[in-house]
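Trainee: I would like to get to know this protein model before I plan anything around it. Could we take it one question at a time?

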Amino acid sequence: MSRIYQAFENKKAFIGFLTAGDPTLDKTEEFVLGMEEAGASLIELGIPFSDPIADGPVIQEADVRALSAGCTLDGILEMVRSLRKKTDIPLVFLAYLNTIYKYGYDKFCEGCRECGIDGVIIPDLPFEERMEFLPTASKYGIDLITMVAPTSKERIEMAVKDSSGFIYVVSSMGVTGARSEITTDVGEMIEIIRGVTDTPTAIGFGINTKEQAAKYSAIADGVIVGSAIVRIIAEYGDRAEPELKKYVAEMVSEMTD
């Protein structure tokens, strides 16, 4: 069983997203530990990419900052090795396929296993093409996280049947970014998923307020927050840890057990 399941054991999971290397890799490590202390159950580490098509301007700008500061995939893997000496919190990479392809599937997955990454989210890998990467990930014990979007309704059962880790339920059409209102019937999507698999579900894309955390943690097994966290880092930079801990603790306090 993957370490990811620990994030959902007997509680609702708060999943926080950080862009690795923003503003530095040392600070990314510090921020992960601070967010864990504040109650985060799992952390997504975004591997910065020059053309992140699923991400809105907040995360795009974080990618630019990280890349401009010299962040590399080798550097991220080394940072995770250091992090693993201090925490067992489940860690997942969010990476675009070109980054992994260029690095090499086997080399990437072997590096993930060696440093302690538990899963990978690839937002631009179509479900129909997942077998290009899935066998390699499975060989190294890395969960390939399934994403289901509002447009996936007719294919949800097929997409989640063999899922592992957790299922990333995309709440809204478009790119990542905080939203004041989410109009998608995610409850219907999760009902379909639970009719097929007991893999935990987490809702992301747009969640940023305590009210949303309460509402969607009552529907799913966890919530995912990215842009709101990245925006705090953009505002406070090296001094972001206290603000991140405050924000995460407030969100976790509102989530339904």
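This is a predicted model: local features need pLDDT of at least 70, side-chain atom pairs count only at pLDDT 80 or more; totals for chains, interfaces and linings use all residues.

Trainee: How many cavities of 30 Å³ or more are there?

Mentor: Residues are numbered from 1 along each chain as its sequence is written, and side-chain values use heavy atoms, with hydrogens and water left out. On a 1 Å grid over the protein atoms alone, a cavity is a set of points where a 1.4 Å probe fits but cannot get out, a pocket is an open set with protein on both sides within 12 Å along at least five of seven lines, and lining residues have an atom within 4 Å of a point. By this rule, the number of cavities of 30 Å³ or more is two.

Trainee: What is the volume of the second largest cavity?

Mentor: Grid points are joined across faces, edges and corners, and a volume is the space filled by probe spheres set on the points. For the second largest cavity, that comes to about 40 Å³.

Trainee: Which elements give two or more residues to the lining of the second largest cavity?

Mentor: The lining is made up of Phe-17, Thr-19, Gly-46, Ile-47, Asp-55, Ile-59, Asp-63, Leu-94 and Tyr-96. Elements here are DSSP runs numbered from the N terminus: helices (H or I, at least four residues) and strands (E, at least two). Two or more lining residues come from each of E1 and helix H2 (57-68).

Trainee: Moving to the second largest pocket, which helix gives the largest share of the lining?

Mentor: This pocket holds about 200 Å³ of space. Its lining consists of Ile-47, Pro-48, Phe-49, Cys-71, Thr-72, Leu-73, Asn-98, Thr-99, Lys-102 and Tyr-103. Four of these residues, the largest share, come from helix H4 (residues 97-103).

Trainee: How do the residues of that pocket lining divide into nonpolar, polar and charged?

Mentor: Ala, Val, Leu, Ile, Met, Phe, Trp, Tyr, Cys and Pro count as nonpolar, Asp, Glu, Lys and Arg as charged, and the others, Gly among them, as polar. Sorted this way, the lining of the second largest pocket has six nonpolar, three polar and one charged.

Trainee: How many salt bridges does a search of the whole structure find?

Mentor: Side chains of opposite charge can pair when their charged atoms come close. The rule used here asks for a side-chain nitrogen of Lys or Arg within 4 Å of a carboxyl oxygen of Asp or Glu. Over the whole structure, the search gives twelve.

Trainee: How many residues apart in sequence are the parts that Asp-118 and Arg-3 tie together?

Mentor: The closest N and O atoms of this salt bridge are 2.9 Å apart. Asp-118 sits in the loop between helix H5 (105-115) and strand E4 (119-121) and Arg-3 in the segment before strand E1 (13-19), so the parts they tie together are separated in sequence by 115 residues.

Trainee: Which residue in E9 is the bridge partner of Phe-14?

Mentor: Two strands pair if DSSP finds at least two bridges between them. E1 and E9 pair in the parallel sense over four bridges. Within E9, the partner of Phe-14 is Val-223.

Trainee: Where does Phe-205 lie?

Mentor: Most residues other than glycine have a negative phi, and most peptide bonds are trans. Phe-205, though not a glycine, has a positive phi of about 75°. At 10% relative accessibility it is also buried. Its place is in the loop between E8 and H9.

Trainee: And what is the omega of the cis peptide bond from Asp-22 to Pro-23?

Mentor: Pro-23 is found in the loop between E1 and helix H1 (25-37). The bond that joins Asp-22 to Pro-23 is cis, and its omega is near 5°.

Key. Buried means under 20% relative accessible area, exposed over 50%, partly exposed in between (1.4 Å probe, protein chains only).
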